[in-house]
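Please look over the model below.

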Amino acid sequence: MNLWLVMIAIGLITYATRLSFILIFGQMEMPGNMRRALRFVPAAVLSAIIFPELLIRDGSLYLSPANDRLLAGLVAFLVAWRTKNALLTILVGMAALLLLQALPLQF
Amino acid sequence: MQIVQTSRPEEHRSASSPHRQFLSGVEAELPILIGVIPFGMIYGVLALAAGLTPWQAQAMSAIVFAGSAQFVTAQLVGAGAPGLVIILTGGVVNLRHALYSASVAPYVKPLRPLWKWLLGYLLTDEAYAVTITHYYQNSKLDTPKQIGQASVDRQEHWYFLGSGLALWSTWQASTAVGVFLGAVIPESWPLDFAIPLTFIALVVPALQDRASLAAALVAGVVAVLALDMPLRLGLITATIIGIGVGLWLEARA
């Protein structure tokens, strides 16, 4: 499918989502079930992207201390957990990966 | 102190003027922009790496205008996922905006449709965070029925507009810088690692209770197990199962 069409479709869906309650359901409360489900969307979708990025290499599971993306990801997790600082998390995680790639550890 | 007190009536009036509200909204958004600039740049770089043209990368920032959906889209385009799967996944990633929409709806209810259409377009994570705080703080003394009209009387929609436009223009500009940098950064740099790092930075502060922690862990593990699912449907499957586990745990508690 044409990438432009894909972008426009995602843009329209996003816009419709943002407008939904402001415009159409102005009179109405969001149903409780929906509100409860939506709360989990960011955590679920972001983790579903993070895990394979860290754990899969060339199409298969790569659970090893030599997996530098996994180690750098864990470092980033600790920084995010301790500081809640997004920029610092990205910078430290990236630095950790570059360091691990430059200094291959022997196991 | 005395000066402040004697000038209070006038100050109150000017605090409710559209342009004062607008500037307050811009000002409140500024600290967040420091974090948004690198995100926009990283997006621009990654979009080119995933195979988007510079124009497509830039246009997506205006058409979709949602960081995480744009990252996911770029990633799925790079992985060769079919268009419908990309649309479905991008749509699900942005479902959380329905929560924001429901939460600001009472405050913007009396506005004319044109305002609603404009503010809806600007309802991003970052503008929402700043605006809803402003709404809460100022409406403490309003009864639920008054909230909308009182907020509009105080011109608080201009605050929303200020924070939204500050974010919008910063997002477009930082995307442009990233698109430009993407053409000059060597391909050997592991810039694609910025995607999981960005998401780690976003997700970890959101894991505040057992149910959301479980939703995240289950979604992550299922995504790894479902990697071989056709059409790259693993991401959306994992997301839905993660949400289901979160709901189930919450209901049991």
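## A buried serine

Ser163(B) is buried, because 29 other C-beta atoms lie within 10 Å. The cut-offs are these: a residue is buried if 20 or more other C-beta atoms lie within 10 Å of its own, exposed if 12 or fewer, and partly exposed in between, with C-beta atoms placed from the backbone. Ser163(B) sits in helix 11 of chain B. Helices here are DSSP runs (H or I, at least four residues), strands are too (E, at least two), and both are numbered from the N terminus.

This is a predicted model: local features need pLDDT of at least 70, side-chain atom pairs count only at pLDDT 80 or more, and totals for chains, interfaces and linings use all residues. Residues are numbered from 1 along each chain as its sequence is written, while chains are lettered from A and ligands numbered from 1 in the order in which they are written.

## Its neighbours

What does Ser163(B) touch, not counting residues up to four places away in sequence? The list is Gly25(B), Val26(B), Ala28(B), Glu29(B), Ala127(B), Val130(B) and Thr131(B). Touching means contact: the C-beta atoms of two residues, placed from the backbone, lie within 7 Å. His19(B) is 144 residues away from Ser163(B) along the chain, yet their C-alpha atoms are separated by 12 Å.

Now take Gly25(B). It lies in helix 3 (residues 18-49) of chain B. Gly25(B) is buried, with 25 other C-beta atoms within 10 Å. Leaving out residues up to four places away in sequence, Gly25(B) touches Trp158(B), Tyr159(B), Phe160(B), Leu161(B), Gly162(B) and Ser163(B). The C-alpha atoms of Gly25(B) and Leu165(B) are separated by 9.2 Å, though the two residues are 140 residues apart along the chain.

## The two chains

Chain B has 14 helices and zero strands. Its C-alpha trace spans about 70 × 50 × 35 Å along its principal axes. Of its 253 residues, 47% are buried. Take the contacts in chain B between residues at least 6 apart in sequence: 76% of them join residues at least 24 apart.

Chain A has five helices and two strands. From the N terminus on, its order is α-α-α-β-β-α-α. Of its 107 residues, 41% are buried. Among contacts in chain A with a separation of 6 or more, 33% come from residues 24 or more positions apart.

## Where the chains meet

Contacts between the chains involve 73 residues of chain B and 58 residues of chain A. On the chain B side, helix 12 (residues 194-203) gives the largest share, 10 residues. That side of chain B divides into 53 nonpolar, 16 polar and four charged residues. Ala, Val, Leu, Ile, Met, Phe, Trp, Tyr, Cys and Pro count as nonpolar, Asp, Glu, Lys and Arg as charged, and the others, Gly among them, as polar.

Which residues touch the most other members of the largest nonpolar core? They are Ala44(A), Leu46(B) and Ala215(B), in a core of 106 residues. Such a core is a set of buried Ala, Val, Leu, Ile, Met, Phe, Trp, Tyr and Cys residues joined through C-beta atoms within 7 Å. Among the residues that Ala215(B) touches are Phe40(A), Ala43(A), Ala44(A) and Ile243(B).

## Two helices of chain B

Helix 7 (residues 97-108) of chain B has 10 of its 12 residues buried, so it is largely enclosed by the rest of the structure. Its buried residues include His97(B), Leu99(B), Tyr100(B) and Tyr107(B). They pack against helix 1 (3-23) and helix 2 (32-38) of chain A, together with helix 8 (113-121), helix 9 (125-138), helix 10 (147-153) and helix 11 (156-182) of chain B.

Helix 6 (residues 83-93) of chain B has buried residues too, among them Val85(B), Ile86(B) and Thr89(B). The buried residues of helix 6 pack against helix 1 and helix 3 (41-55) of chain A, together with helix 5 (67-78) and helix 14 (234-252) of chain B.
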